Structures are given as C-alpha cells and as structure tokens.
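Me: I would like to learn how to read a protein structure. Could you take me through some of its features in turn?

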Amino acid sequence: MDNPFLRRATELLRDDEAFLAIVSPEPVTHFLGRPGREGTLYDRLVLLRGTPGSGKTTLARLFEYTTLVALLRNAGTSSYQGLAGALAECGATDGERPRVLGCRLPMETDYRDFWEFPYSETLRTGLLTTFVQARAVLAWFRQLAATGVEAGSVRIVPRPEAETAVEAIGGAAGSDVLEKARRVEAAVYQVVGALVPPKADALGPDVTGAYRPFDVIDRFRIETRPGGQGQPLAVQPLVILDDAHALHPAQFRSLEHWLARRELRIARWIVTRFDILQPHEALAEIAEDRADRPDYPGLTASRDTEVVLLQSSGPRREQRTAFRRMAKDMAGRYLQKHSLLGPRRLIVLGDLLSEADETISLSATRQLTEQLDAAQRRLKVADSRRRALEEEVEAFRHGGQAPPEDLRLAMVSILLHRYAKNRGQPSIFGEEDDPDPSRPLAANAEVYESARLHLLHRFGRPFFHSIDDLCDAGSENAELFLQLAAVLVDAVATQVIRSKSSQLTASTQNALLRERGQRIIEAWNFPYHQQVRQLVRSIAARCIEETLEPNGWLRPNSFGIPQEEFDRLPETHPDLARVLQFAVAYNGLLVVPRRRQGEAGTQWCLLELGGMAILAHGLSLKRGGFIRGGLRDIERMLVEKAA
C-alpha cells in the first residue's frame, strides 16, 4: 500500500503539477513573504539556511520557471490558489505571468572538485565561478525550452554599464548566448573530469577567458511566446545554488563573497545547512537570527545579504502556530494522494487522531488512592486541608470538562506536596494544626500538565495524542513531522482495511510516536552524532528527574546556561561549540537565547530538547521550563555513561 508520507523527497516528483499538489503555501508566506514584499529576495544575495528536512529544496524548486508556469496555468483550480497567491505576494509572479526566470543548480557534484586542483586559490575560484555561470545560463535556457520558448525568441537585456561586455558572453541573441555557454561549460568540464589536471598555462581561452554573464545580464526578454500570443515578457534571472554545504568551506566563502557584490542584477540564492559555517557563526545565527559574518572591504553583510533561517527562531508562539497551520495543510495534501484513504475522503489528519483521554485501570487507580493516603500521613496534612485541595481540583476545568478520577487524584497529590513544602511552621499540636501556605495553592493548567506527566511515567497513561501534539513534536521541521505522521497514517490504513474505526486511540498514538522518536534518535548518523545523542540523553534524564518531583513544580525540557557563558562558548570551549552546532543543525537541540529569569533578571540561553527526544523520554511539549546549570555541567554530561 502506497503511503505518500514516506516519499518526502519532493525533488523525486518530476511532474510539476504533482509537485505543486503537495506543497503548502504556509512556509512560502512565513519565510519569504516579508523579504518578497520588500524586494530583498531579488536585489541582493539571499542565504537560506536550515536543518535537513526544513523545506529548503522545496522552496527552491517552487521558484524555478517551469514550476511558476505550471502553477499559473492551474491557478484557477482551488487547490493551487493559495500557493499562487503566496508566490505573487513574494514577487515571483504578477498573478498572471512570471516575473523571475528561476533555475536551481544542485552543488553536490563536480563543483567541489575544483578545490582539489593544484592551482592557485584565485584560479580555482575563477574556474568555479565560470562553471557556475555557464551552467546557470544553460539551466535558464532549459527552463525556457521546457515551457515551449526557443532560444531564438529570447534576447539578453544587458546592464547599461555592461553593454561593451555583451560580446564576451556571445552577444545579445539568445541562441548565441546559449552556444557560448555550451562551449565554456564543455571546456571547463574537460578540466574537471580529467584524470590528471592540465597545467595552468595549458588551459584554453574558453576556460580562462573573460566570461562573466552574471556581470552583464540584467533581464531576459522573451520576444515570441508559445503560440505566438501575448506581449513580450521581461523576466529577472534567478539562480539558486542548492546544497552549497557540499562545497569546501573556503570555496563557499569565496563564492558567497563573489555573489554578494551589489552591482549584480541577477537574483541569486545560496541554500545550505549549518554544516558549512564555523561554530561561532552557526551559534550566533541560531541565537540571534542572523549570522555574525565579517564585513569584507566594500561589502557590508547586513546590507548586501538577506538571511532566511528555515527553522524555529524569533517569536516562538508565532513559529509554533505557523508550523501547525503548515503541517495540517501539508498532511491534508498528502492524504489526498493516499491510495486507500484519499478515495474514502479521510483527508483531515486531525479527525483521524482521537483527543479523548484514556484513564488508568481500576487497580492502578486504587493504588494511586493508597499512595495519596500514605503521602497525607507522611506529610502530616490535616483532613480539612486535603478536603479543601480536593474541592479546588474538582472546580478545575480543562477544555470545559472536569478531569477524570485518576487525574484528579494526581493533581491532589501534587497540591498536597506543594502545601507541605510551602505551609507555615507547624505548631506543637500536631497534624490537626492547619497553617496556611506561604503562597496560594491553585489547581491550574500547570498542575494538570504535571499530573498527566506523573501518570505517564508511573502508570503508562497516554500523554502524546492529538494533531497539535503531533505538529509540536515535529520541531518546526517538515521532514520530522512527516516521519511521525507516516506511522500514524499506516496505522489508520491498517484499521480501515480491517473494517475498524479510522480514528486512532490515544494509547495507539502515544505508543507509535514514542517508539518512532526513539528510532529516529538511534538512527542519527551525522558528524558528532554520538556526542549529540549522549548530551540529549543526559539533559533528558535531568528533566525527567525534575518532572517527577512529587510537587510537580517544573516540567522542564531544556537546560539553561548563563547567556554570557554561551556567547563565549566558541572561544572557551571550541569542541563543545562544534557539538552544539551539529546538535542544532540536525534537530537534536534548539537554542533559545536571552531568556530572563530570577530576581536579578539573569539572562539564560536554553538548550531545548528536540521533539524526538521529548517523545522518546516522555517530557512536556510546552516550552519554557528549564534546569539551570553551566558549561561545566554540559561537559560532564558528555562524558557520562549513556543511560
């Protein structure tokens, strides 16, 4: 049975209509809406950075010319209207015609080979940029040809100050420009593919000549459109260098500096993971939502580049809400493609995931009652005080409903321990004396959450269930969300085949999600994955210990270190900085900077566990709770034995 959730790689969908049918407009609007409206997507170097599965390649493919043409061709269809509106908002189309001629160059092959040549760094960089330019020109013409536009009906509109350099790229006629690009690409590729690199002075003129189309081209003008209809169309060329982290770091720096020049008129994007950055740059970008990149002579990073961070950063509630919208929309699109569930119109994932609580067994409930009675005797709490706490819990409502008996008992137990910790000094008259607590006690959402977590760990009561839990566990990462959703969709399909209810129970969801989260962690295989796994497990173990405190005062899923220690981390602990870089780059941890807490307003930097660790270890998905510590504690965690 075909499960489209297991076919996440959108680059494998060759048909543009099939690709567009599963793409949600939410990430386009969320990540690219503002820079698109401001025009910064097309007038400077754009750096799109994110974790694996954050949607980098999907966004890049959306801006390819053939994709835009296919989208506009189907814009009248309801399923495409949202995406068409999002791309128009970003300035990629005017609602009827494309405004950019986008092409995507995957950087995973050939390009790094230049760095291995026995040439000077200047020559190696020159070979790389020549190769990129020639392939970009070829890719632009391939995009046009795929939509029925022949090279003979295209002309280059040069920059006014570059008219004298037009002949160096073949001229203004599209067919001549295409032929020149073919010759240059073939000549450079012979150098790349040679078993023994030729000597530098033996390189031909097509390799070392003045070939700089990026410096010359301002627009592509399409004189004759397919069918001979419509007005001539002028489009701005856009080149997207995808997976640029495959380049050598020094090579990447040179390429970034070259593309950031302000005189370029073509739009240019570099799409990469955090791997390519130095630790201090990666951590600064994650923590500050911008890269702490040095300014080159004549180049100001903050003015000449636009950084788009494709992962959780900035306003956290807004990020989570936006991801929920995107994930639900994306799940609906995938369910429509499901061979079994789609035809049955089971296309709303939230409707297939029960939100109803499942209580613990009667024997477990009796055990819980006995434990509560024993705690009252041990803590010497008066019966009148316990009755007052029970009344407080009975008056509490969650979602308009009273908690079931097991949760009420767990909540009373938590309040009982809070009272024992906060009550005034007992008198000599014993347990019948009932001093008031130093702080008011209330049955609220925090006590309710703590009680649910206690019952999860003590009695296996289901905790993770509902569409919102599924979305939040995805750590604002599309790939992780779909991996989690895939196991639930498979379970739904199995139940439908067996003529059972299409809705998964809370216990089924909880078991499948926790098992899947653990398997994903065990399958980590990236640089420093062993250290990252050890650090995640150690932080989780401390969070569990704190969560299971009888008074349930904290439900942490983060470890906090002073912000000033974190800021100095790359200099004081370079090895640890590298581990944290990869922990964040591969969704093991999330850095939350400048969290104020304490009477002195101390700033803390939180290392928040990713969704997979939260699922695997049974912690709260709600953000904010953290354990205080320092870098010395983090170092000790890395040398502890795995749990």
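Predicted model: local features only at pLDDT ≥ 70, side-chain atom pairs only at ≥ 80, totals over all residues.

Me: Where does Asn510 lie, and is it buried or exposed?
Reply: Helices (H or I, at least four residues) and strands (E, at least two) are DSSP runs, numbered from the N terminus. Asn510 belongs to helix α20, residues 506–522. Buried means under 20% relative accessible area, exposed over 50%, and partly exposed in between, with a 1.4 Å probe and protein chains only. Asn510 counts as buried because its relative accessibility is 8%.

Me: Which residues is Asn510 in contact with?
Reply: Contact means heavy atoms within 4.5 Å. With neighbours within four places in sequence left aside, Asn510 touches Leu456, Pro462, Phe463 and Phe464. For Phe463, the backbone nitrogen is 3.1 Å from a polar atom of the Asn510 side chain.

Me: How many bridges join β7 to strand β1?
Reply: Two strands pair if DSSP finds at least two bridges between them. Strand β1 (residues 45–49) and β7 are parallel, with 5 bridges. Of the 5 residues of β7 (residues 305–309), 4 are buried.

Me: Which strands are joined to β10 by bridges?
Reply: Strand β8 (residues 558–562) is joined to β10 by 5 bridges, and strand β9 (residues 589–597) by 7 bridges. Both pairings run antiparallel. Ser558 has Glu608 of β10 as its bridge partner, and Arg596 stands opposite Gln603 in β10. Strand β10 (residues 602–609) is largely enclosed by the rest of the structure, because 6 of its 8 residues are buried.

Me: What is the volume of the largest pocket, and which residues are closest to its centre?
Reply: The search uses a 1 Å grid over the protein atoms alone: a cavity is a set of points where a 1.4 Å probe fits but cannot get out, a pocket is an open set with protein on both sides within 12 Å along at least five of seven lines, and lining residues have an atom within 4 Å of a point. The largest pocket holds about 1000 Å³ of space. It is lined by 30 residues, and closest to the centre are His398, Glu449, Arg452, Asp469 and Lys622. Helix α13 gives the most to this lining, 5 residues.

Me: How many cavities of 30 Å³ or more are there?
Reply: The search of the whole structure finds 3. The largest cavity has about 290 Å³ of space. Among its 22 lining residues, Pro27, Ser54, Gly55, Met326 and Ala478 are closest to the centre. Again α13 supplies the largest share, here 6 residues.

Me: What about the second largest cavity?
Reply: The second largest cavity has about 180 Å³ of space. Its lining has 20 residues, with Ser475, Glu476, Leu590, Gly610 and Arg623 closest to the centre. Strands β9 and β10 each supply at least two residues of this lining, as does α25 (611–617).

Note on methods
Residues numbered from 1 in each chain as written. Heavy atoms only, no water. Polar contact = N/O pair within 3.5 Å; in protein donor to acceptor, adjacent residues only side chain to side chain. Points joined across faces, edges and corners; volume = space filled by probe spheres on them.
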